[in-house]
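Me: I'm new to this protein, and I'd like to understand how its features get their labels. Could you walk me through a few?

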Amino acid sequence: MLHSIIEMLNSIIEMFHSIIGAITGENDRKKIRGTVVLMKKNVLDFTDFRSSIIDRVYELVGKGVSLQLVSAVHADPTNGLQGKVDHDAEIGQPGAFIIRNNHRNEFYLRTLTLEDVPGHGRIHFVCNSWVYPAYKYDTDRVFFTNQAHLPSETPGPLRGYRESELVNLRGDGTGELKEWDRVYDYAYYNDLGNPDRDPKYARPVLGGSVEYPYPRRGRTGRPPSETDPNTESRLPLLMSLNIYVPRDERFGHIKMSDFLAYALKALVQFLLPEFEALCDSTPNEFDSFQDVFDLYEGFKVPDGPLLDKIKDNVPLEMLKELVRTDGEGFFKFPTPQVIKEDKSAWRTDKEFAREMLAGLNPVVIRRLKEFPPESKLDPEVYGNQNSSITKEHIENHLDGLTINKALEKQRLFILDHHDTLMPYLRRINTTSTKTYASRTVLFLKDDGTLKTLAIELSLPHPDGDKFGAVSKVYTPAEHGVEGSIWQLAKAYAAVNDSGYHQLLSHWLNTHAVIEPFVIATNRQLSVLHPINKLLDPHFRDTMNINALARQILINAGGVVESTVYPSKYAMEMSSVVYKNWVFTEQALPADLINRGMAEKDSDAPHGLRLVLDDYPYAVDGLEIWSAIETWVEDYCSFYYKTDEMVETDSELQSWWKELREEGHGDKKDEPWWPKMHTVKELIDTCTIIIWVASALHAAVNFGQYPYAGFLPNRPTISRRFMPEEGTPEYEELKSNPEKAFLKTITAQLQTLLGISLIEILSRHSSDEVYLGQRDTPEWTLDATPLRAFEIFGRKLADIEENIIKRNGDERFKNRVGPVKMPYTLLYPTSEGGLTGKGIPNSVSI
């Protein structure tokens, strides 16, 4: 419905043609005629959207809005030799235009198209920007044509405008930023804590120190808190949607309404069962797996004050979106794919292992190169942290191989969450969380699947860290209390993997590390710059979703601290892990080699031989990576014919310098940064940026609800330690293993909050733009890049066909698995909603 409103609005405005032929001037000189497409602020105000369409369209582009064309060929000696400004054909070829909004409200300027420009024909401007009333700005708004120019090749009359626009976007680094400000600037993560609310909500500043390094975020300029001058004050929760990001970085109307509608729906889903739980025999607990399955069966909301409140506060159009009309029921969680075909297959050892290759977090598993597994923690501080798994634990399960032979044949693997967790474990276990550091060792079978051999669970030594770890090793069992203990051992390993996924694979390695690139690109690369045009689609909505995350998800006491095991130490832990972040290792081939999952092989596809052939994330990912790399190479090679052109590009060099020294300033002295002296370094850099923002994020984000919407499969918290023989908990495990399992993992309240959140985060907005797509076909005037982009799109379509074929090939057992759930997270396109597929261009949710 919302999408159709937008389309209707655009068609009506375009139908009016909003003729600019009357762009003032009273003499008979030849005018340039054109069409402007814009959207008024209140177009989605449901109470009055018809009037907003018709509302004085002619006046809107008449006296209320003035447009002046800027010549790309004729300089004005009275204006510092900048492009001559006029309304008519005598200026020659227009290269930009100046717009002034004399209304009281902002409007969204989509495009301007000039027709029949003498000697040049049609000239198109892609604007996609909110234009506020002129009195809000210190300088006029300037928009450029869709012709890309390197700085040195920019027409002389446009250079001053190009440079001034970048100065405006950088701001002056002072003051609190308002919604009409267009300033991109950097700040530390000093806005997560809330010491003014209570000292327990104080959190360390992330970024700017050796102890807590971190990528930079967008600056808001809010004043410091009253109790701590180093912590930025926070917005009230109800004002969360008003947190500052440059207005053009905010969600569009459709995305915002999708986001709000589902957020509201999920919130109510979370609240209602909480109320129902008050009447349950064991509030705050699930008694059986059937209790969890019931969440997906649906239930009606009784008439009464709650339903009335919803009806009174939700716009009619959003309410229609919330109330499903297909008979599914009013409030109901969608059935996650992981239990759709088989309600018990998730518990099998085969599925547990498969999800390390084709699940929500397929980026951690690595090949084991030594046995027993060794720790990299400093033994002076942490004592002996090497693994206590012995050959007696596993050697009888290696299909006749010795351990040394299995290592030599590259058939042993590990999911290792020991070293990351151990330094924090003592503190984490002082909270309501009770968990272990874990190592999971696996064996590659002849059929290409992985067999779990052992899980090691470790605690810090009670006498102090320097005494090393206290560890216990568990091996597979199917029946009796041993089988129940094995299921719990897998759950503890899954809890660690869930936390690692959410905080590191997902938040840190996609959301947080990309934001400095968004900021630096807008500050240092003009919209005319070809690299800006290349990267811009891959930054859409990232600053907005990250700002909302800081406000309600990763903040002190926020949803992540409430639902993921590291609790108050969650973000601090991600900062410590960032110490080991290396930009060049974010390239998929480098990552696979680094984890021992692939080796260089010039005869293999993509120059890599996978150690494990049936590794769905890697197989699909390498095809996507290769397609991105080819597209970026074709694009960059069109504009940069020599390495010297890269070295002498002033904007590009400023961008790369600022990115390293400011955006990732805590890493500025690392030797691994590309020097940005060659075309190849530029291609490699842009390929990594696009990969991280698009495919990597898709791989670790959109499977959240399909895999973890059924939380017993991906628990996020453990609340008690493994039951010891002779305890009441051990007896309960023997007599009622389901209840004991559910009392160990995430509680009911956190489960409902957690799956409500990931339902929102796993959805595609109905206006999403996917890899290989652009929101306008006229994003550049250069024909060669346009052809290369078309080839890129066709290649991605071929990859979709390849994924479908592989998923249907029974030889590849890891692609579907016991849960009968095909791996589609790197399938490039999708429809809107909860689909478990689709690669958006950017980190947009």
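Me: What makes the pair D684 and K680 a salt bridge?
Reply: In this predicted model, the closest N and O atoms of D684 and K680 are 2.7 Å apart. A salt bridge needs a Lys or Arg side-chain nitrogen within 4 Å of an Asp or Glu carboxyl oxygen, so the pair qualifies. The two residues are 4 apart in helix α23, which means about one helical turn separates them.

Me: Why is K680 called exposed, and what is D684 called?
Reply: K680 has a relative accessible area of 56%, and exposed means over 50%. D684 has 27%, which falls between the 20% and 50% cut-offs, so D684 is called partly exposed.

Me: What makes R247 and E106 a salt bridge, too?
Reply: Their side chains meet at 3.1 Å, N to O, and the limit is 4 Å. R247 lies in the loop between β9 and α5 and E106 in the loop between β4 and β5, so the pair ties together parts 141 residues apart in sequence. Both R247 and E106 are buried.

Me: Why does T431 count as buried?
Reply: Its relative accessibility is 17%, and buried means under 20%. T431 sits in the loop between α13 and β12, where T431 touches S567 and Y569, leaving aside residues up to four places away in sequence.

Terms used: Residues are numbered from 1 along each chain as its sequence is written. This is a predicted model: local features need pLDDT of at least 70, side-chain atom pairs count only at pLDDT 80 or more; totals for chains, interfaces and linings use all residues. Side-chain values use heavy atoms; hydrogens and water are left out. Buried means under 20% relative accessible area, exposed over 50%, partly exposed in between (1.4 Å probe, protein chains only). Contact means heavy atoms within 4.5 Å.
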